[in-house]
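The following note comments on one protein model for a reader who is new to structural work. Please keep the sequence and the structure in view while reading the numbered points.

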Amino acid sequence: MVGPVSGRYLADLGADVIKVESRGRIDPLRTLGPFKDGKSGAERSISYHNLNAGKRCVAINLKEPRGRDLILRLVDWADVVLESFTPGVLESLQLDYEHLKKRKDNIIMASTSILGQTGPHAMGTSGVGTMGAAMSGASDLLGWPDRPPWGTFGPWTDGVAPRFIVPSILAALHRKSRTGEGCYIDVAQAEAGIQFVAPAYYEYAANGTIPARRGYAGSPLRCPHGVYQSAGDDRWIVIDASRDEYWRALREIVAGALLDPKFDLLIGRLRSRDEIDRALGEWTRSRDAEETECILQRAGVPAHIVSRAGDLARDSHLRAANHFKKIEDPEFGEAEIEGPRFWFERTKLPETRRGPRIGEHTKDVLTTVLGLSDAEIADLAESGVLK
């Protein structure tokens, strides 16, 4: 997902993003559900549409010499090339940065793979975000101490790495606007993940201690800080009242055992974490999670329900912010995906469009971007280049 997510951000910002795909090797996201109405199909994945909204798509066989030539001509047009092949693949096709730079010296190219392009294990190492989570150390930190690692939900680094890739590309574009120079960006997905669990490494670097799975949420240096059960079926709420002002507001609301003077200071609360969690848990279990959230938020205490998919769909804040957008697809009709995660006061963002179908814009791009004639395009199609 790393390349598609990064490209989606750039498309939301107004970039003309042309996705290169092949019918012989389709984007794996097309096989990832959920599928609209439960019917599988290469054009029916809502995940695919969500991560590829706003892009154009051309179908080109990269292994065909004339297909490679089309890619090089697209590079002549483009400001940025973004790729996430296993290291070594583009070198074998002579489409790596060193070859592209010789053709267009101010091109910006961003490569993203599990371990990056250099290092003793980089070449030939492939994988997805679940491998990135394992390599970064995140998978080992989640779960219970007496059980195997629970791991992260889904391909974790696929969501993390684009937060490093897109700002790097934007910075490179800004630099190019001032200097006229391109550059090469190499983002290792596992290393991006390490940034999010760096405190675990610091613990080892500073004290030689390997952090272990604790089996509960929250920081060991904050209290109360965790996930507490609420009334109803599998309903939960997250509360962080560790800071003194939050703690004073929380104990006034909950009262009872939390009023004990031994909890006045953080050190006392840390020493009595289990006692506080029991008392707070008894209070939350008797109340609706959303009601508890409202009570605590009104008092200035950080708290929020543990959202499930239905909660997000009904969330009044997300609806007011137009976070969800409706799309129309010729095959499955109407569906809902995410819109941009940001807005600008003076710049209108492009409308959110569905993801492109395989090769949907091939003729348009070859005509308007590369200037090919209908006869040339027909010949390429007949020769198997446009598939």
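1. Is helix H1 (residues 2-12) largely enclosed by the rest of the structure or exposed, and why? Helix H1 is largely enclosed, because 11 of its 11 residues are buried. Buried means under 20% relative accessible area, exposed means over 50%, and partly exposed lies in between (1.4 Å probe, protein chains only). Among the buried residues of H1 are Val2, Pro4, Arg8, Tyr9 and Asp12. Just after H1, Gly14 takes a positive phi of about 110 degrees.

2. On the basis of the note: this is a predicted model, in which local features need pLDDT of at least 70 and side-chain atom pairs count only at pLDDT 80 or more, while totals for chains, interfaces and linings use all residues. Residues are numbered from 1 along each chain as its sequence is written, and side-chain values use heavy atoms, with hydrogens and water left out.

3. On the overall form: the protein has 19 helices and 10 strands. Helices (H or I, at least four residues) and strands (E, at least two) are DSSP runs, numbered from the N terminus. The C-alpha trace spans about 85 × 50 × 45 Å along its principal axes. Of the 387 residues, 42% count as buried.

4. On contacts, meaning heavy atoms within 4.5 Å: among those with a separation of 6 or more, 66% are between residues 24 or more positions apart.

5. On the largest nonpolar core: a nonpolar core is a set of buried Ala, Val, Leu, Ile, Met, Phe, Trp, Tyr and Cys residues joined through side-chain atoms within 4.5 Å. The largest one has 25 residues, of which Leu70, Leu74, Leu100, Leu366 and Leu386 touch the most other members. Elements giving two or more residues to this core include helix H3 (65-77), helix H5 (97-103) and helix H18 (362-368). H3 supplies the largest share, five residues. Apart from this core lies another, of 21 residues, including Val5, Leu29, Ile108 and Ala110.

6. On one pair of strands: strand E9 (residues 324-329) and strand E10 (residues 333-338) run antiparallel and are joined by six bridges. Two strands pair if DSSP finds at least two bridges between them. E9 and E10 form a hairpin, with three residues between them. Lys326 stands opposite Glu336 in E10.
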